[in-house]
Amino acid sequence: MTGITSTGEKRLMLFSGRAHPELVEQVASEIGVGITPTEIRDFANGEIYVRYDESVRGSDAFVMQSHTSPINTWLMEHLIMVDALKRASAKRITVVMPFYAYARQDKKHRGREPISARLVADLFKTAGADRLMCVDLHTGQIQGFFDGPLDHLFALPLLAHYVGNRVDRQRLTIVSPDAGRVRLADMWTDRLAAPLAIIHKRRDIKVANEVKVHEVVGDVTGRTCVVVDDMIDTGGTIVAAAEALYDNGAADVICASTHAVLSGPAVERLRDSKISEVIVTDTLPITEAQTFDKLTVLPIASLIARAIREVFDDGSVTSLFDGHA
C-alpha cells in the first residue's frame, strides 16, 4: 500500500477585518470559536499590512469583513487577508461579507460603464477565495459573477418575524419602493399573508441618489404600510415612498431593510420623515451619530454563525430558510 493516510480533523478558523469587529465577535460567540489573532496595520502611505499570528495551514478559513465606509479601504483589506491565507496554505477560504461592495453596479445602464460587482467577485477569486457568503444581495444575478459556490443568506425571516409581531396583520400592506424590489416584496407578502403595493418611480441615471415618485399601485388607504428594501443609503427612496403612501391615505408607514448604509443626509431625512419606525440589521456598523429614536437594529450574527457552521460541517445552508435540505 502506497501513500500516507492522515488522521487529522478539520479545523475551523475565523478571521476578522477592522471594519466591523463587533459583528465578528458576536458570530464567534455564537459558533463557540475564538477569532484568530491577526496583526493588521497601515503604513504611512496608506498601504495595509496583514499577518496571522497562528498557523493556518490546512484550516477551513472563514474571513469576515463588512464593506462599510470607507468602502475601498475595507475591500482592499479583505482582499489582502484572503491573499495572506492562500499563501499560508489554508485548505479552504470562505469570504464572509454580509454587505457586498459595489452590488448596485451589477449591469451597464449606459455605454462605457463598468460592471463593478463582477469585478469584485473576480478580485476575490484571484486573491484565493474558494467560496463567498453574503446577506441579501442587491440582485440575485450577482451569485453568477463568482466562479465558485456563493451562499446567499436572507434576513427576511428575522425582519418579517419582528414586523409580524409589531403590527396588526389585518391592516398590513407590503410595499415595494420600486419595480426592482417587487420580488423581495412578494416574498414578504407570502410570509405575512399581506397584500402588495408598488411605488412607481423614475430615477435620473445622470444624478445619483435622486428619486422622483410618480404613483402608488395598490390600495393603501387606512393601511399600515411596510416599505421593504435591501439597503438604505441616503434615504431618498424610502422617504419619497413614505410621502407618496401618506398622500394616498396610508395610516402608518414602517421601513424594513437589511443593510443600513446611512450615507450623507440619510439620518436627518429618516428622523424628520413621517416614517414611524426604521428596522434594519447590523450587517454594517451603526455609529452613535447614525442612531435615532425611530431606528431599530436587529442582530444578524446568529444567522451568519449558523451558515458558517453548515458550510464547515458540509451541511445545508438552504435548510436555514425552508426547513429542509
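**Close-up views of a predicted model**

View 1. Val226 touches Val163, Leu172, Thr173, Ile174, Val175, Trp188, Ile254 and Ala256, where residues up to four places away in sequence are left out of the list. Apart from the largest nonpolar core, which has 43 residues and counts Val226 among those with the most contacts inside it, lies another core, of 35 residues, with Leu79, Leu85, Phe124 and Leu137 among them.

View 2. In soluble globular proteins, nonpolar side chains tend to be buried together.

**View 3. The cis peptide bond between Ser69 and Pro70.** Ser69 and Pro70 are joined by a cis peptide bond, for which omega is about 0°. Pro70 belongs to the loop that runs between strand 4 (60–64) and helix 2 (71–87).

**View 4. Ser89, a residue other than glycine with positive phi.** The phi angle of Ser89 is near 70°, and the residue sits in the loop between helix 2 and strand 5 (92–97). With a relative accessible area of 30%, Ser89 is partly exposed.

**View 5. Leu262, a residue other than glycine with positive phi.** Leu262 has phi near 50°, and its place is in the loop between strand 12 (252–260) and helix 7 (266–272). The relative accessible area of Leu262 is 6%, so this residue lies under the 20% cut-off and counts as buried.

**View 6. The whole protein, as context for the close-ups.** The protein contains nine helices and 14 strands. Its radius of gyration is 21 Å, close to the 20 Å that the globule rule gives for 325 residues, so the protein is as compact as a globular protein of that length. Taken along the principal axes, the C-alpha atoms fill a box of roughly 75 × 45 × 40 Å. Of the 325 residues, 51% count as buried, and among contacts between residues at least 6 apart in sequence, 62% join residues at least 24 apart. The protein exposes about 15500 Å², of which carbon and sulfur atoms supply 48%. There are 36 positive and 43 negative side chains, and the centres of these two sets lie 5 Å apart.

Conventions: Residues numbered from 1 in each chain as written. Predicted model: local features only at pLDDT ≥ 70, side-chain atom pairs only at ≥ 80, totals over all residues. Heavy atoms only, no water. Core = buried A, V, L, I, M, F, W, Y, C linked by side-chain atoms within 4.5 Å. Buried < 20%, exposed > 50% of the residue type's maximum accessible area, 1.4 Å probe, protein only. Contact = heavy atoms within 4.5 Å. Helix = DSSP H or I, 4+ residues; strand = E, 2+ residues; numbered from the N terminus. Rg over C-alpha atoms; globule rule 2.2 N^0.38 Å. Areas by Shrake-Rupley, 256 points an atom, 1.4 Å probe, with all protein chains shown as cover. Lys, Arg positive; Asp, Glu negative; His and termini not counted. Charge placed at Lys NZ, Arg CZ, Asp CG, Glu CD.
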